[in-house]
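This briefing goes through one protein model, topic by topic. Please have the sequence and the coordinates open while reading.

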Amino acid sequence: RGADQALARLALDRGQPAILRATALSLLPSPPTRAVGEAVGGALLDPEPLVRAAALRALEALPPQNRLHAARLLGDDVRLVRIEAARALAPVPLQSLPGPARPAFARAWEELLASEQVAAERPEAHVNIAALLAQRGDVVGAEAAYRAALARDPGFLPALVNQAAFEESRNRPEAAEALLRRAVAAHPTDAAP
């Protein structure tokens, strides 16, 4: 508890370098305490973009309905902040956003997806995209992204495991089991004894 409060104070201490404050935000525990919530809320208003982006990342530990504070940063001057705002709002239904924030979310969402596409030759990028699309409820897009990841590396463990969880969440246990069996076959020594 003392460490949480110390990190929260450090995150809000504008006399400290932005990188240190952003790092403090990244180390805050989940679920958040009151001090953590106040630190994240205060950091969303910080003049330093790196700190605002870290505060938005910290919002990801909260349920979707508690992430709406990110909407005010969808139009931020800094692309990184807009991208992190879109990432924080990924699981929030569009109708839950204030009307004026909806077009800003659409623009920031496209920036977020484009930022992931920069590394499109790597399967990790497609796993990230799949997770984002799944949060938005885009089942077809998420499936396509998982297929793209596995096309680049058929034994890529994060793609197999994450797609298995995705299939399980869709009440498709047979598909999930097949993916997990494939993961075990491809990585027999990676499983814990």
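The model is a predicted one. The protein has 10 helices and zero strands, and 40% of its 193 residues are buried.

**Overall build**

- Along the sequence the elements follow the pattern α-α-α-α-α-α-α-α-α-α.
- Taken along the principal axes, the C-alpha atoms of the protein fill a box of roughly 50 × 45 × 30 Å.
- Of the contacts in the protein with a separation of 6 or more, 52% are between residues 24 or more positions apart.

**Helix 1 and helix 3**

- Helix 1 spans residues 2-12 and helix 3 spans residues 34-43; their axes come within 9 Å and cross at roughly 15°.
- Angles under 35 degrees count as roughly parallel, and helix 1 and helix 3 are therefore roughly parallel to each other.
- The crossing of helix 1 past helix 3 is left-handed.
- On the helix 1 side, the residues that meet helix 3 are Asp-4, Gln-5, Ala-8, Ala-11 and Leu-12. On the helix 3 side they are Ala-35, Val-36, Glu-38, Ala-39, Gly-42 and Ala-43.
- By class, this contact of helix 1 with helix 3 holds seven nonpolar, two polar and two charged residues.

**Helix 4 and helix 5**

- The axes of helix 4 and helix 5 come within 9 Å and cross at roughly 10°, which makes helix 4 roughly parallel to helix 5.
- Helix 4 contributes Pro-49, Arg-52, Ala-53, Leu-56, Arg-57 and Leu-59 to the contact. Helix 5 contributes Leu-80, Val-81, Glu-84, Ala-85, Arg-87 and Ala-88.
- The residues of the contact of helix 4 with helix 5 comprise eight nonpolar, no polar and four charged.
- Within helix 4 (residues 49-59), the buried residues are Val-51, Arg-52, Ala-53, Ala-54, Ala-55, Leu-56 and Leu-59.
- Cover for the buried residues of helix 4 includes helix 2 (18-26), helix 3 and helix 5 (79-89).

**Nonpolar cores**

- The largest nonpolar core has 48 residues. Leu-25, Leu-56, Leu-59, Leu-74, Leu-89 and Trp-109 have the most contacts inside this core.
- At least two residues of this core come from each of helix 1, helix 2, helix 3, helix 4, helix 5, helix 6 (101-117), helix 7 (123-135) and helix 8 (139-152).
- Helix 6 gives the largest share of this core, seven residues.
- Another core, of 10 residues, lies apart from the largest one; Val-127, Phe-156, Leu-160 and Leu-179 are among its members.
- Leaving aside neighbours within four places in sequence, Leu-25 is in contact with Ala-11, Ala-39, Val-40, Ala-43, Val-51, Ala-54, Ala-55 and Ala-58.

- Ala-71 lies in the loop between helix 4 and helix 5. Ala-71 has a relative accessibility of 12% and counts as buried, because buried means under 20% relative accessible area.
- Apart from its neighbours within four places in sequence, Ala-71 is in contact with Leu-89, Leu-97, Pro-98 and Ala-101.
- Ala-71 and Asp-190 are 119 residues apart in sequence, and their C-alpha atoms are 40 Å apart in space.
- Asn-171 is placed in the loop between helix 9 (157-169) and helix 10 (173-186). The phi of Asn-171 is near 60°, a positive value in a residue other than glycine.
- Asn-171 is exposed, at a relative accessible area of 64%.

- Gln-163 sits in helix 9 and is buried, with a relative accessible area of 9%.
- Leaving aside neighbours within four places in sequence, the contacts of Gln-163 are Tyr-146, Leu-150 and Leu-179. Leu-179 is also among the residues of the core of 10 residues.
- Ala-144 belongs to helix 8 and is partly exposed, with a relative accessible area of 34%.
- Ala-144 and Val-184 are 40 residues apart along the chain, and their C-alpha atoms are separated by 22 Å.

How values were computed: Residues numbered from 1 in each chain as written. Predicted model: local features only at pLDDT ≥ 70, side-chain atom pairs only at ≥ 80, totals over all residues. Heavy atoms only, no water. Axes fitted to C-alpha atoms, helices over the stretch in contact; angles between N-to-C directions. Helix = DSSP H or I, 4+ residues; strand = E, 2+ residues; numbered from the N terminus. Parallel < 35°, antiparallel > 145°, perpendicular 65-115°, else oblique. Left-handed = near helix turned anticlockwise from the far one by under 90°. Contact = heavy atoms within 4.5 Å. Nonpolar A, V, L, I, M, F, W, Y, C, P; charged D, E, K, R; others polar. Buried < 20%, exposed > 50% of the residue type's maximum accessible area, 1.4 Å probe, protein only. Core = buried A, V, L, I, M, F, W, Y, C linked by side-chain atoms within 4.5 Å.
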